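This report describes one protein model for a reader new to it. It begins with a term needed later and then moves from the whole chain to single residues.

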Amino acid sequence: MCNLDRLNYSMKLSDFVAEYLEQNGVGICFMVSGGAVLHIIDSIKLNSKIKIVCSQHEESAATGADAFSRLSKSEIGLCVATSGPGATNLVTGVSNAFFDSIPLICITGQVATFRKKQSKDMRQYGFQETDVVGIFKPITKYVVKIENAADIKFELGKALHIARVGRPGPVVIDIPDDLQRVEISPEELKEFRPEVTDSPEMEYFHEISTKLNSLLSKSRKPLLILGAGIRISGSASLVKSFIERVNIPFVTTWGAKDLVCEDFDLNIGTFGICGPRYGNWAISECDLVIILGSRLNQMQVGGKIEDFAPNAFKVLIDIDRLEIDKFESIGFHLDLAINLDVKVIIENVKLERFNNPEWSNWLSKIKSSFTIIAEHTQSNAEVNSYHFIDLLSNSLSEGSTIITDAGGNLCWTMQGFKIKDKQRLVSSWNHSPMGFSLPAAIGASFAKPNETINCIIGDGGLMMCLQELGTVARHNLPINIYIFNNRGHGIQKQTIETWLKGNQIGVDYASGLFFPNFKLLAESFGISYRKIETLSEVGKKIEPNTTSPMIYEVMIDPDQKIYPMLKFGGDLTNLDDSIVKPVFS
Ligand SMILES: Cc1ncc(C[n+]2csc(CCOP(=O)(O)OP(=O)(O)O)c2C)c(N)n1
Ligand SMILES: [Mg+2]
């Protein structure tokens, strides 16, 4: 056993990497092996404190590690892949973490230094040589190739620091094969020492409080927008008491839906191109909007950002200066921008309690009168996805974890799920690749052992990650997998119908796809399987808590639409010309 405090000894660099990671908050490693990363993996295996999960694909290893970071209390997920195809397979998983600001550490093996290409323009010299730094630069906070063994401690420390500090994100450390196996003297290694940044003076917070209180005193209809930045900043546990104190109604982005339970007083729900309508009406009606930790992406503001919150004085609080600065050039004027960590604001700004019952009563009235489920009477021959999500969310207890994929199944979940206290609802919000939720559920299962993880995935999404059923089966993970089988890529079919006169391609069997028999697929992995063909079977067949993996194939009507959804040319207050915004009185 090596000990970092022991003086005058040498150790293999890869052993040092494993030990350093283990001593700095890494307890799990999702990996796929390969020739260029064997020493790193060997050392991690020898370090008994790091648990190893053998993924079936590097994208899943990165996604598993990302979900582990999202759901574990304080640890950071690690994934390890070999050079060349191993590294390039990480790209989607790393992108998820980058665009959702999730700390993640990736180690890639690289060809030995004496086999590297001699010039930048040369394609390749070593077998499976790939420019990892070049590929990952735009999708990481930091990527470095170790050129000199003596830099290893410094670079590991730097990468771990960068992954977690400020707006978090993924980092990649590329380590050539020959350097992995050199002997180093740990006590002689240079160490990374982060710069200490000063936090603003109390006077500054006093100034902000005065400004915001003055705006609130003039406002009759204020609204908060809560974004995912709140959880990322570590203030999820503070947000409820903050809202109770300030007493201002709020909406959440999808990434922040699980911050506060659905029936929490003043929670108006989500908003955006899939509604709900009342969330969008609240935004169009408010006269002051304070946006906390959200970059207001296209799914939230629709196609006409200039019409977003048209009557409101707009305040944005965000840690990332670039997210603030971009608005001016796209024709969206912020009246007040505060470039600070949202946690610092929640902790230090003192707002006076707001009170206007007329405003909060109107908001609760529209929320209860225009529910999504009310627009979806169960008329389908098979399972109506809205009713399914409704029943599923009723059946899941407080604290459960739900992970959803991309496509229709994501929209239906986000529109219909009613969050309970301490539940976590996770997806890849910004990159949104098909095939995220299953490997993410695996990461979640290791972050929350002994809990049932609920994985919602489309039939199409499953086809992009079904090899991970092997990982689920190998560890007998308690995951309930709900395959939303609408026999195709439902969301694309709907989009093509709405926008391209129904010239369908690659959306179902008739237009070129193929799907397997999911029952036989489950059997081949040794996973239990049940089919849900009608809503009445939901309560009878689904067991919300499980101790081993279970696949529920839910037969969704292939013509089931996502509804409401913004129609071309429409705006957020009038998603599809079908329901007119009620007048505020
Ligand atoms: C990797 C990837 N490729 C393509 C897309 C574009 N896309 C989004 S959803 C979707 C279809 C999803 O089909 P399915 O998983 O069955 O979900 P459904 O819409 O039917 O619920 C496609 C092709 C994507 N998001 N990710
Ligand atoms: Mg589908």
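A residue is called buried if 20 or more other C-beta atoms lie within 10 Å of its own, exposed if 12 or fewer do, and partly exposed in between, with C-beta atoms placed from the backbone.

## Basis of the model

This is a predicted model, in which local features need pLDDT of at least 70 and side-chain atom pairs count only at pLDDT 80 or more, while totals for chains, interfaces and linings use all residues. Residues are numbered from 1 along each chain as its sequence is written, and chains are lettered from A and ligands numbered from 1 in the order in which they are written.

## Overall form

The protein chain has 585 residues, and 50% of them count as buried. Its radius of gyration (taken over C-alpha atoms) is 25 Å, which agrees with the value near 25 Å for a compact globule of 585 residues. The globule rule behind that value is 2.2 Å times the number of residues to the power 0.38. Along the principal axes, the C-alpha atoms fill a box of roughly 75 × 65 × 45 Å.

The secondary structure comprises 24 helices and 19 strands. Helices (H or I, at least four residues) and strands (E, at least two) are DSSP runs, numbered from the N terminus. Two residues are in contact if their C-beta atoms, placed from the backbone, lie within 7 Å. Among contacts between residues at least 6 apart in sequence, 75% join residues at least 24 apart.

## Domains

The domain assignment gives domain 1 (4-188), domain 2 (204-369) and domain 3 (373-555). Such bounds come from an automatic or database domain assignment. The centres of domain 1 and domain 2, taken over C-alpha atoms, are 38 Å apart.

## Leu71 and its contacts

Leu71 belongs to helix 3 (residues 58-71). This residue counts as buried because it has 22 C-beta neighbours inside 10 Å. Leaving aside residues up to four places away in sequence, Leu71 touches Thr401, Arg424, Ala444, Ala447 and Lys448. From Leu71 to Ala440 the C-alpha distance is 9.9 Å, although 369 residues separate the two in sequence.

## Backbone details

One joins Gly275 and Pro276, with omega about 0 degrees, and Pro276 lies in the loop between strand 10 (250-252) and helix 12 (277-285). The other runs from Tyr563 to Pro564, with omega near 5 degrees; Pro564 is in the segment after strand 19 (550-555).

Ala309 has a positive phi, near 50 degrees, in a residue other than glycine. Ala309 sits in the loop between helix 13 (298-301) and strand 12 (313-317), and its 23 C-beta neighbours inside 10 Å make it buried. Lys422, also not a glycine, has a positive phi of about 60 degrees. The loop that holds Lys422 runs between helix 18 (408-416) and strand 15 (424-426). With 13 other C-beta atoms within 10 Å, Lys422 is partly exposed.

## Around ligand 1

Which residues are the closest to ligand 1? They are Gly407, Gly408, Gly458, Gly460 and Gly490, out of 19 residues that surround the ligand. Helix 18, helix 20 (459-463) and helix 22 (490-499) are the elements that give two or more residues to this shell. A residue is near a molecule if its C-beta atom, placed from the backbone, lies within 6 Å of it.

By class, the shell has six nonpolar, eleven polar and two charged residues. Here Ala, Val, Leu, Ile, Met, Phe, Trp, Tyr, Cys and Pro count as nonpolar, Asp, Glu, Lys and Arg as charged, and the others, Gly among them, as polar.
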